[in-house]
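Hi,

Here is the structure I promised to pass on. Have a look at it first, and my notes follow below.

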Amino acid sequence: MRRPATGKKRFNIASELLDENAALRGKKIAIFSGKERVTYRLVLENVNRFANVLKTLGVKPMERVMVALSDSPMFVYAFLGSIRHGAWPVPVNNMLEESDYAYLLENSEARVLVTEKASKAARTRSTGFCYKLFADDGLGLLMYDAAAHGETYPSRESDIAFWLYSTGCTGKPKGVPHRHIDMIHSADNYAKKVLRIGESDILFSASKLHFAYGLGNGLYFPFRCGASTVLDPSAPSPGNMLRTVSACKPTVFFGVPAHYNSILKSDNVKSAFKSVRACISAGEALPPGIFYRWKEATGLEIVDGIGSTEALHIFISNMPGNVKPGTSGRVVPGYEAKVVDDPGRELPPGKTGHLVVRGESVTKGYWNKPEESKEQVLPGGWFKTGDMYTQEDGYFTCRGRGDDMLMVGNAWVSPMEIENVLLEHEAVHEAAVVGCFVDGLSEPFGYVSLNEDYRDRQDEDLSRELLQFVSKRLPESKWLRGVRFMDELPKTPTGKIQRFKLKDEQRKEVTLCR
Ligand code: 3UK
């Protein structure tokens with residue numbers, strides 16, 4: 001049993017992640033980034049320098065430091081340096097639009113923005129008073145002048161340490177505060193007990209540090225385990241990912257299903273991945289087809305697990321060496337999860353319902369949003385994920401987001417079940433299924449992008465073939481009403497298919513084929 005946090009002892013997660021590493025393995029390379037190699041000692045010094053820059057600027061504890069940077073050593077200095085100073089870093093995507101930054105800066109009342117000079121974030125005018133620090137112009141000099149040592153802010157385990165913004169498909173992003181101890185909880189339970197990450201590992205995450213998934217994979221997992229991280233500022237195109245894997249030889253690779261699917265279209269994947277011992281997928285359910293094709297191409301299994309910004313990281317996962325394809329796996333040690341009905345009663349095995357989760361790293365509520373907090377963080381600390389799941393023999397299977405499920409006749413139909421069948425067809429690269437309304441009744445409708453060899457076959461014949469392909473494999477309630485070809489399916493920056501956009505598209509459809 002964990003001892004409850006006393007809340008008395010001083011605890012600063014930046015010191016926790018760095019001081020011991022610098023003392024025990026100061027000369028070890030902590031960060032590989034392009035041609036740059038940064039030792040643990042240098043990371044500690046630069047984190048202190050960043051903290052001292054904040055001190056010089058008069059930034060106070062709990063003030064927000066927005067970090068809109070690509071994956072780079074400076075991201076680490078800004079994130080951990082803010083925490084060391086007692087300020088709250090707020091990592092956000094560095095590829096957003098000015099209007100997004102205007103909202104985020106105002107919502108967080110950020111006192112400091114760390115970004116690059118030519119970024120859209122840099123151009124954004126904030127209503128509040130906000131220093132702008134440019135990683136590529138000026139910040140380096142400020143840090144050069146700052147001392148490489150300094151005091152650590154005397155926080156406690158349960159104090160807030162940083163925020164993330166929930167990426168929510170619709171509506172405005174919400175600030176998700178996390179505490180100093182939350183990172184320890186995720187790292188010790190998931191990274192150590194499930195993935196068995198140790199000192200000799202080199203971690204590379206194709207998902208970026210501003211995403212809750214990437215932040216663990218690329219920053220506090222390796223630092224908590226005394227391992228190394230590969231930070232790649234470039235976009236996760238198949239070429240860039242393969243180049244980085246070949247050059248830096250990571251032992252653990254993290255991505256979302258779309259990363260694996262895109263790499264699978266390249267050559268020489270097996271030889272590029274020969275240093276890798278574990279491949280992890282999250283962000284969306286991993287279609288079994290991708291699991292099997294990856295295994296065939298590389299000999300490696302992909303370990304799927306579900307996490308969320310609110311829970312900080314993965315709380316249900318398969319185990320390396322014991323993967324059940326098509327499921328999210330079992331509850332990670334240190335967490336509890338169950339499937340409940342609308343009023344919140346636990347459902348028996350095999351029944352589909354709402355997935356709720358509880359555990360130390362789950363946020364206590366959104367920043368300044370009491371209504372939404374009450375809706376999603378239930379009494380007893382259970383967080384309502386918004387996902388529909390079934391549980392059997394301790395294995396949890398995703399059926400789709402609550403608002404993506406289709407009511408056909410009187411029964412719920414999982415869009416994913418139909419998507420997974422479409423993905424088995426050799427022409428299909430990506431697939432998403434949404435409901436379409438015909439005479440007031442909902443029926444499944446498919447959107448697909450095609451593999452390169454089939455791009456010039458976007459015709460009636462192929463759509464009829466795909467409808468038949470589904471009809472032969474699934475009961476009638478799951479047959480597709482029609483299918484539409486797209487060059488690419490709409491996705492969030494974190495790699496989730498935006499089904500709500502397809503639903504809007506669907507409402508515009510006039511002619512339905514069958
Ligand atoms: C969906 C999955 C099925 C699911 C994340 C830390 O994705 C992460 O955080 P977000 O807040 O989104 C959470 C939502 O994404 N999802 C994530 N993983 C899976 N659905 N199978 C999965 N394996 O709807 C969840 O509610 O952006 C954050 C660490 C890992 C993460 N995936």
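Searching the whole structure turns up three cavities of 30 Å³ or more. A cavity here is a set of points, on a 1 Å grid over the protein atoms alone, where a 1.4 Å probe fits but cannot get out; points are joined across faces, edges and corners, and the volume is the space filled by probe spheres set on them. The largest cavity comes to about 50 Å³.

Its lining (residues with an atom within 4 Å of a point) includes Leu 286, Phe 291, Asp 304 and Lys 324. Helix H12 (288-298) and strand S13 (302-307) are the elements that give two or more residues to that lining. Helices (H or I, at least four residues) and strands (E, at least two) are DSSP runs, numbered from the N terminus. By type, the lining splits into seven nonpolar, three polar and two charged residues. Nonpolar covers Ala, Val, Leu, Ile, Met, Phe, Trp, Tyr, Cys and Pro, charged covers Asp, Glu, Lys and Arg, and the others, Gly among them, are polar.

Then there's strand S17 (residues 353-359), with six of its seven residues buried (under 20% relative accessible area, 1.4 Å probe, protein chains only). S17 runs antiparallel to S16 (residues 335-340), joined by six bridges, and Ala 337 sits opposite Val 357. S17 also pairs (at least two DSSP bridges) with S18 (residues 383-392), antiparallel over four bridges; there His 354 stands opposite Met 388.

One caveat: this is a predicted model, where local features need pLDDT of at least 70 and side-chain atom pairs 80 or more, while totals for chains, interfaces and linings use all residues. Residues are numbered from 1 along each chain as its sequence is written, and side-chain values use heavy atoms, leaving out hydrogens and water.

Cheers

Technical notes: Buried < 20%, exposed > 50% of the residue type's maximum accessible area, 1.4 Å probe, protein only. 1 Å grid on protein atoms, 1.4 Å probe; cavity = no way out; pocket = protein on both sides within 12 Å on 5 of 7 lines; lining within 4 Å.
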